[in-house]
Amino acid sequence: MKIKTLILIIAFLGLASICLGQEDYLILGKEFKSPERPRVIFHHDLHNEKAHIENCSVCHHVYKNGKLVPDESSEDQPCSSCHKVHPVKGDNPISLREAYHKRCMGCHLKEKRGPVMCGECHKANNEKKSK
Amino acid sequence: MDKIYGFLIGPGAWIAFSVFILGCICKIGAIILATPKKDRVVLAYFSPKYGFRSLIHWLIPFGTISMQENPLFTLVSFAFHFCVLIVPLFITGHVVLVETFWSVSWWTIPDKLGDILTLIVLLCLAFFWGRRLWVKEVKFVTSWTDFLLLSLVTAPFLFGFIAYHGWIDYKLMLVLHVLSAEILLIAFPFTRLIHMFVGLLTRVYIGSEFGGVRHVKDW
């Protein structure tokens, strides 16, 4: 009886650790129909924890008339709601590709932390995970 | 490695492009200004007809007798020069870097095509290396500077090719790719690489000098 209970406890703990250990990630770049490089896997929560980012508007910013509106956040919207893949006249001139690279790589270079080389984010096996 | 890369694509790129652009302008300017002093005859008897006719012929594959006499070299040379310009100017990775820092972007070639064109560049370079090493009349006029020039051009394409495929050590290969490319840019004004710009001037000069003379031994 004791052994059975022990096995059950171990099995439960094992299962729980697998479930809890699995971190949700985002696939960035789904808007691009046939991207040149593999789409990017982004561990949102893990990133913010590591980067000590608590203010959503650091990335989910709001611009009005070309000026940053401080403390206002657009966290309920994806980047592509403002940054189009192919901006036309009247759209935000910063394309989605430019916005992603500016936001991610620009910050990593500034902070001297995080991936900055193409292949560090655009990994070949990302495409399998994104399907 | 990320910090070295950060330096190379930031201050490193500024240094490399500054030396490349300013150095090339100074070099071209110096050559143009020196011409009236060094060779007064060429300007006095300059023939635009023969000069520009020669330039046009030399820009067209198999457009000259010399090229027709050396078909393999002509083919390799044109393939090389076409690819060596197209790949760095229109590969997506480069355009994305400029776009990220400068908000300027332009047309790009698909990565798979870039991969093939890079392979063509490397094969052509192997041909040039082989020519310098084993073809008797070429070996005779070859010095260590020729191998240095070939190394300068080979390195960025080779490291770029390896890095793109993720072979060996991706980060190290990419750093070596950018570093060797910046050394290549810095070397431009001080080496025969300047022929990229000056070659056009010398071709018009030679064309004007030779006029209608044909069948000149031109290696």
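## Basis of the description

Buried means under 20% relative accessible area, exposed means over 50%, and partly exposed covers what lies in between, with a 1.4 Å probe and protein chains only. This is a predicted model, in which local features need pLDDT of at least 70 and side-chain atom pairs count only at pLDDT 80 or more, while totals for chains, interfaces and linings use all residues. Residues are numbered from 1 along each chain as its sequence is written, chains are lettered from A and ligands numbered from 1 in the order in which they are written, and side-chain values use heavy atoms, with hydrogens and water left out.

## Chain A as a whole

Chain A has five helices and four strands, where helices (H or I, at least four residues) and strands (E, at least two) are DSSP runs numbered from the N terminus. Read from the N terminus on, the elements of chain A follow the order α-β-β-α-β-β-α-α-α.

Of the 131 residues in chain A, 21% are buried. Chain A exposes about 10,100 Å², of which carbon and sulfur atoms supply 61%; accessible areas come from the Shrake-Rupley method with a 1.4 Å probe, and for residues only the protein chains shown count as cover. Among contacts (heavy atoms within 4.5 Å) in chain A between residues at least 6 apart in sequence, 33% join residues at least 24 apart.

## Salt bridges within and between chains

Side chains of opposite charge can pair when their charged atoms come close. Arg97(A) is partly exposed at 23% relative accessible area, whereas Glu99(B) is buried at 3%.

Within chain B, Asp146(B) forms a salt bridge with Arg192(B), their closest N and O atoms being 3.0 Å apart. The pair links distant parts of the chain, 46 residues apart, with Asp146(B) in helix α9 (residues 144-164) and Arg192(B) in the loop between α10 (170-187) and α11 (195-210). Asp146(B) is buried, with a relative accessible area of 7%, while Arg192(B) is partly exposed at 46%.

## Aromatic pairs in chain B

Rings of Phe, Tyr and Trp (its six-membered ring) pair if their centres lie within 6.5 Å, and planes under 30 degrees apart count as stacked, over 60 as edge-to-face and the rest as tilted. By this rule the count comes to 10 aromatic pairs over all chains. The rings of Phe80(B) and Phe128(B), with centres 5.1 Å apart and planes at 85°, are therefore an edge-to-face pair. This pair links distant parts of the chain, 48 residues apart, with Phe80(B) in helix α5 (residues 71-90) and Phe128(B) in helix α7 (residues 111-134). Phe80(B) is buried at 9% relative accessibility, and Phe128(B) is buried at 11%. Ring pairs also link Phe73(B), Phe80(B), Phe127(B) and Phe128(B) into a cluster.

Technical notes: Salt bridge = Lys/Arg side-chain N within 4 Å of Asp/Glu carboxyl O.
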